[in-house]
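Visitor: I would like to learn how to read this structure. Please take me through it feature by feature.

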Amino acid sequence: MTVNLSVIGTNYLGSTHAAGMAEFGHQVIGVDIDPERVHTLNSGRSHIYEVGLEQLLETHTSSGRLRFTLDYAEIADWADVHFLSLGTPSGPGGAADLSQLYAAIDSLAPLLTKPALIVGKSTVPVGTALKLEQRIRDLAPAGDQIEVAWNPEFLREAFAVEDTLRPDRLVFGFQSEWALDLLEQIYAIPISDNTPVVHCDIATAELIKVAANAFLATKISFINAMSQMCQVAGGDVTLLADALGYDTRIGREFLNAGLGFGGGCLPKDIRALAVRADELGVHVLSDFIRSVEAINAGQRTELADLAIDQAGGDVHGKRIAVLGAAFKPGTDDTRNSPALTVADHLHARGADVRIYDPQARLPPREGFTQVASVDQAALGAVIVLHLTEWPEFRYLNPEHLGQLVKEKIIIDGRLKLHAPTWEQAGWKVVQIGRATTL
Ligand code: UGA
């Protein structure tokens with residue numbers, strides 16, 4: 001059955017969710033406070049680089065199922081369900097900054113005069129949903145006829161459309177049969193495809209999301225800690241990860257060692273979890289999370305130090321080529337990008353940093369020159385750093401690059417280059433997590 005629904009907040013999560021819901025057959029209005037973004041989305045274009053998103057936006061802005069607005073009055077009594085897809089960035093001390101959520105509620109609630117389900121998709125500290133519900137009920141003419149449910153989102157950037165249309169699980173945190181029924185109507189297509197659905201209370205739904213991101217971060221930091229062991233003891237962390245991965249209880253995914261995790265989600269979500277755990281007195285969890293964070297931060301420093309060592313102890317005035325600026329391949333997102341932390345570090349030590357990324361466009365910033373090709377980055381470089389594993393970097397021609405650089409040294413921060421091929425072309429290959437770096 002078609003549901004009229006609004007999606008409030010149209011960044012990575014919201015724009016993909018809105019387009020995905022239209023693809024499921026619903027009537028969707030996306031709301032945002034950014035006029036330029038609303039204009040772009042209404043013309044069927046995407047403001048972010050995400051495979052398949054633009055096609056979906058184009059299809060459904062044309063089919064009439066999807067449009068975007070700046071005006072809450074257009075959605076208030078039109079929609080039966082309002083999704084909250086707003087950002088919850090890191091606030092002071094690492095706690096989640098919920099101001100976007102509260103601002104949206106304060107705009108919407110006073111306009112709600114009939115029963116509606118508000119469904120949270122944003123990642124929030126446990127306890128937030130019920131506080132939001134109270135605030136909405138206080139502000140809305142419809143009062144207690146407004147109910148909150150929580151339906152966290154697990155989409156990955158670079159696979160956002162795929163993850164939205166074919167999720168690996170759905171989590172429904174709800175309080176009444178009415179809410180469950182609406183959620184089941186909205187997700188009728190994936191449910192009919194046998195997608196597992198977890199029915200739970202709201203607190204569990206809020207916690208499932210942060211626990212998922214914390215567990216992914218833990219896997220990455222664990223393998224990075226093992227990579228340090230490998231370096232010292234002479235082992236190979238990639239082979240170690242492969243062997244662990246054959247154990248289906250462990251699994252191979254998220255065991256790629258290297259520069260560690262970045263992006264707009266994992267780092268800020270685990271920090272907020274640690275803060276919330278402290279607030280609730282669960283120090284065993286906050287201590288655990290903080291060591292995951294510390295390992296992650298250490299990988300970035302270690303790579304920068306490795307570059308300085310390989311440059312003879314001083315990078316001042318030396319050109320360094322950085323391959324990759326996005327926090328991972330397949331996206332143009334540079335939020336909390338490990339590659340940029342390394343570049344910043346080297347710039348602070350006086351290096352002349354040249355960055356190339358196939359998609360990410362950096363705003364002009366002091367000390368970085370963003371260039372349009374790998375060749376331009378490599379020209380005259382004393383070290384090449386492979387920091388974001390775009391597939392095209394795997395197939396670079398070391399012979400050709402060797403003619404452009406000043407010194408044939410490459411540091412593989414993602415353990416994805418085929419070292420023997422580079423070595424045959426006369427390069428010194430340094431891979432973190434492999435004993436060759438000794
Ligand atoms: C992450 C989660 O994977 C999603 O499930 C979740 O919905 C999303 O956050 C969110 O909360 O919105 P995303 O931020 O797109 O998705 O990025 P990931 O694919 O998780 O990668 C995170 C970082 O970990 C990247 O910097 C990546 O390079 C790094 N990584 C990943 C590793 O260093 N090693 C690995 O083995 C895997």
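Visitor: How much space lies in the largest cavity?

Guide: This is a predicted model. About 80 Å³ of space lies in the largest cavity. The structure holds one cavity of 30 Å³ or more.

Visitor: Which residues are closest to the centre of the largest cavity?

Guide: Val124, Pro125, Val210, Asp269 and Ala272 are the closest to its centre, out of 13 lining residues. Two elements give two or more residues to this lining: helix H10 (202-233) and helix H12 (266-279). H12 gives the most, with five residues.

Visitor: How do the residues of that lining divide into nonpolar, polar and charged?

Guide: Eight are nonpolar, two are polar and three are charged.

Visitor: Which element gives the largest share of the lining of the second largest pocket?

Guide: H10 does, with six residues. By residue type, the lining of the second largest pocket counts 13 nonpolar, one polar and one charged.

Visitor: Let us turn to the helix itself. How far apart are the end C-alpha atoms of H10?

Guide: Start with the general idea. An α-helix has 3.6 residues a turn, so residues three or four places apart point the same way. Now the case here. H10 has 32 residues and should span 46 Å at 1.5 Å a residue; its end C-alpha atoms are 47 Å apart, which agrees.

Visitor: What caps the N-terminal end of H10?

Guide: Asp201 does. One of its side-chain oxygens lies 3.2 Å from the backbone nitrogen of Ala203. At the other end, H10 is followed by Gly234, which has a positive phi near 90 degrees.

Visitor: On to the strands. What is the order of the strands in the open sheet of six?

Guide: In general, strands of a sheet pair through backbone hydrogen bonds, either parallel or antiparallel. Here the order is S11-S10-S9-S12-S13-S14, with parallel pairing. Neighbouring strands of this sheet are turned by 20 degrees against each other on average, direction ignored.

Visitor: Why is one side of S11 and of S14 left without a neighbour in the sheet?

Guide: Strand S11 (368-370) and strand S14 (428-431) stand at the edges, and each has a single partner strand, so one side of each lacks a neighbour in the sheet.

Visitor: How many bridges join S12 and S13?

Guide: Strand S12 (residues 383-386) and strand S13 (residues 409-412) pair in the parallel sense over three bridges. Val384 has Ile410 in S13 as its bridge partner.

Definitions and conventions:
Residues are numbered from 1 along each chain as its sequence is written. This is a predicted model: local features need pLDDT of at least 70, side-chain atom pairs count only at pLDDT 80 or more; totals for chains, interfaces and linings use all residues. Side-chain values use heavy atoms; hydrogens and water are left out. On a 1 Å grid over the protein atoms alone, a cavity is a set of points where a 1.4 Å probe fits but cannot get out, and a pocket is an open set with protein on both sides within 12 Å along at least five of seven lines; lining residues have an atom within 4 Å of a point. Grid points are joined across faces, edges and corners, and a volume is the space filled by probe spheres set on the points. Helices (H or I, at least four residues) and strands (E, at least two) are DSSP runs, numbered from the N terminus. Ala, Val, Leu, Ile, Met, Phe, Trp, Tyr, Cys and Pro count as nonpolar, Asp, Glu, Lys and Arg as charged, and the others, Gly among them, as polar. The expected span of a helix is 1.5 Å times one less than its number of residues. A polar contact is a pair of N or O atoms within 3.5 Å; within protein, one must be able to donate a hydrogen and the other to accept it, and residues adjacent in sequence count only if both atoms are side-chain atoms. Two strands pair if DSSP finds at least two bridges between them. Axes are lines fitted to C-alpha atoms, for helices over the stretch in contact, and angles run from 0 to 180 degrees between N-to-C directions.
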